[in-house]
Amino acid sequence: MPRFYHDDPAWSDVTPIPQLESGQVLAGISYTAEYSEAMSYLRAVMAANEYSTRVLDLTEHIISLNPAHYTVWLYRAQTLSALNRNLREEIKWLNPTALKHLKNYQIWHHRQTIIDRLGSCDGEQEFVEQMLEKDAKNYHVWSYRQWVVRRFGLFGDEGERKWCEGMMERDVRNNSVWNHRFFVVFGGLKGEVEEGLLKRELEYAQDAVRKAPQNECPWNYIRGVLRQAKKPMSTVKEFAKEFADLEKPDEVRSTHALDLLADIYEEEKKNDEAKTALDLLANKYDPIRAKYWEYRARSLDSAAVEA
Amino acid sequence: MPTELRLHVDQHVRYIQSLDTRKGELEYWLTEHLRLNGLYWGLTALHLLGHGDALPRHEVLDFVFSCMHDNGGFGAAPGHDAHMLYTVSAVQILATLDAFDELEARVSGGRQEIGQYIAALQDLETGTFAGDEWGETDTRFLYGAFNALSLMGLLHMVDVDKAVAHVQRCANFDGGYGTSPGAESHSGQIFTCLGALTIAGRLDGVDQDKLGAWLSERQLKNGGLNGRPEKKEDVCYSWWVMSSLAMLNKLHWIDGTKLATFILQCQDPELGGLADRPGDMVDVFHTVFGIAGLSLLKYPGLEEVDPV
Ligand SMILES: [Zn+2]
């Protein structure tokens, strides 16, 4: 049911401010007329700096019609603050709205403002999980989760890491989860990476590779972990060879393993082997990026000349 | 490339021209918050197609100026709050139409005012930029600020070194960049970070081979590019990924012929416009980024585009 304000007694004291645009065509489309009228009332209350319960109702109405309109959200947050409203109630209202509009940025910004004011993230992890069930790679949701980790000091938190593992079990190819794990594990780390932690992280990523050898995410993660711990890539040489062995050039199971092996051989100054790996990538396993692999092979030569 | 796959220039021009005549449709009103962006995208696409004059210059400028606020910022449409994104679009439109003199004629000291609006959005502690006075920060806004200021010759109004340091903090373990330190690598954000660094002349701090490898890894077997690992291909990433590779001089690391074929398959050959992938609904956003992608691939008959 469309909702209008011009014959509503609760709004009779407000003169709406319509948009100044020529050639406005509104006839015939009631939904558009409804939105347009609601907006003209919003302009009027904003011009009068009115903060009231009916303003909250009005913003709710406009958000239901068009949640991407950022001004509405900002004015709603100001109104909540001016009226000293119960913010838990706001979150309760916000949940279904967020679930309906997954790609909407403004909702997250609003949520962040409210939770920050509340000073507690109780229930937030469950809610984020619910959102991710609808779209497990949603950038806004993950950014928000990172904000929660930062705001409430969850770096190195075991519960947060275990939660990542649960998400990973649903989809081991979800790069957002890999990024979040890295963020949680290493984000708050000061000083050196301890051996135990290094081993745990490498083993976790290696298990994931075994499930899907061509999945790019855990390979990137392994490289990132080694770099963070300042370890040579040859640390995982035997592991890489499980998926790409130059002795068996017809049985390569992962281009990422071959790529890593090329780096390891380069690190070990075994340029011939590195070149063999890069040739296999350029000509057999990943020809769409042949120019890149050829570049890598050429830079081996120039590095050799410089040495 | 199969011969039946060609760029339908006339259809695309007509599609973009038609966008502004749909005021009776609901969609037009619901996307009002994007109006100024959409205008910039449409104008850029027409320019690349060699039909830069297909939108009436005077009316475009009238509309742009009607979005301007006293504080130097621009809203998405008349009556909307000022925001970095729309301010950047406005400056880009003025630059495309070579209209900075008209700006000064209508608003004396206008460039300076816009510059001040943008400069005030820099977070002096971290160096990054907010989108508006409410404080959401994102490397997109930082890039937008650099882009607009450099178009007006006003980059000196902000702390460039601090902003560059912030971008460098957004580098991730996989070589890519995100919206803020620690946020997942994303092609669109890589474009904004590299763009900002290119404008500042500070690509020196980038691990260019590692980032180039990550970017080229975005090409899938069907020729299209995705925005993040293990995601689906999408025409708009043609632009984000390719322009990033171009800024690193590594555009040849992906297969251009396969990518051009993919983009051409995303056209609506009858009504014009491009979609995110073949068979989907077209929109102005994917139309401009598809065409800009083809331009970077030196598709015949298109004007050359600047990757930044
Ligand atoms: Zn897209």
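Leaving aside neighbours within four places in sequence, A:A205 is in contact with A:W178, A:P218, A:Y221 and A:I222. In this predicted model, A:A205 belongs to helix α10 of chain A, which spans residues 195-211, and the residue counts as buried because its relative accessibility is 0%, where the cut-off for burial is under 20%. A separation of 61 Å lies between the C-alpha atoms of A:A205 and A:V14, two residues that stand 191 residues apart along the chain.

The confidence of the prediction was considered for the model and for chain B. The model scores an ipTM of 0.87 together with a pTM of 0.88. Chain B has an average pLDDT of 91, and 94% of its residues score at least 70. Within chain B, the lowest confidence falls in helix α2 (residues 26-30), with a mean of 54, whereas the highest is found in helix α7 (residues 110-119), at 98.

The interface between the two chains was examined next. Contact between them involves 46 residues of chain A and 51 residues of chain B. The area buried between chain A and chain B amounts to about 4,500 Å², with carbon and sulfur atoms contributing 53% of this area. On the side of chain A, the residues that lose the most area to chain B are A:Y70, A:Y139 and A:I288, which together account for 17% of what that side buries.

Four salt bridges are counted between chain A and chain B, and a salt bridge is formed by the side chains of B:E217 and A:R289, with an N to O distance of 3.8 Å. Across the interface of chain A and chain B, 18 residue pairs are found in polar contact, with both residues of each pair at pLDDT 80 or more. The side of chain A that touches chain B receives at least two residues from each of the helices α1 (30-47), α3 (70-83), α5 (105-118), α7 (139-151), α9 (175-186), α11 (216-228) and α15 (290-306) of chain A. Of the elements of chain A, α11 gives the most to this side, with six residues. Sorted by class, the side of chain A that touches chain B comprises 18 nonpolar, 20 polar and eight charged residues.

A:D259 is buried, because its relative accessible area of 13% lies below the cut-off of 20%. Not counting residues up to four places away in sequence, A:D259 touches A:R223, A:L281, A:W293 and A:R296, and two of these contacts are described below as salt bridges.

Over all chains, the count of salt bridges comes to 38. In the pair formed by A:D259 and A:R223, the closest N and O atoms are 3.4 Å apart. Because A:D259 lies in helix α13 of chain A and A:R223 in helix α11 of chain A, this pair ties together parts that are 36 residues apart in sequence. The arginine of this pair, A:R223, likewise counts as buried, at 18% relative accessibility.

A:D259 also forms a salt bridge with A:R296, in which the closest N and O atoms are 3.1 Å apart. This pair links distant parts of the chain, with A:D259 in helix α13 and A:R296 in helix α15 of chain A, 37 residues apart. The side chains of A:D259 and A:R296 are additionally recorded as making a polar contact, at 3.1 Å, and both residues are buried.

A further salt bridge of chain A joins A:K270 and A:E268, whose closest N and O atoms are 3.5 Å apart. Here A:K270 is partly exposed, with a relative accessible area of 34%, and A:E268 is also partly exposed, with a relative accessible area of 28%. Elsewhere, A:R161, A:K162, A:E165, A:R181, A:R200 and A:E201 are joined into one network by salt bridges that share partners.

How values were computed
Residues are numbered from 1 along each chain as its sequence is written. Chains are lettered from A and ligands numbered from 1 in the order in which they are written. Side-chain values use heavy atoms; hydrogens and water are left out. pLDDT is the predictor's confidence in each residue, from 0 to 100. Helices (H or I, at least four residues) and strands (E, at least two) are DSSP runs, numbered from the N terminus. Contact means heavy atoms within 4.5 Å. Buried area is the accessible area (1.4 Å probe) that two parts lose on being put together, summed over both. A polar contact is a pair of N or O atoms within 3.5 Å; within protein, one must be able to donate a hydrogen and the other to accept it, and residues adjacent in sequence count only if both atoms are side-chain atoms. Ala, Val, Leu, Ile, Met, Phe, Trp, Tyr, Cys and Pro count as nonpolar, Asp, Glu, Lys and Arg as charged, and the others, Gly among them, as polar. Buried means under 20% relative accessible area, exposed over 50%, partly exposed in between (1.4 Å probe, protein chains only).
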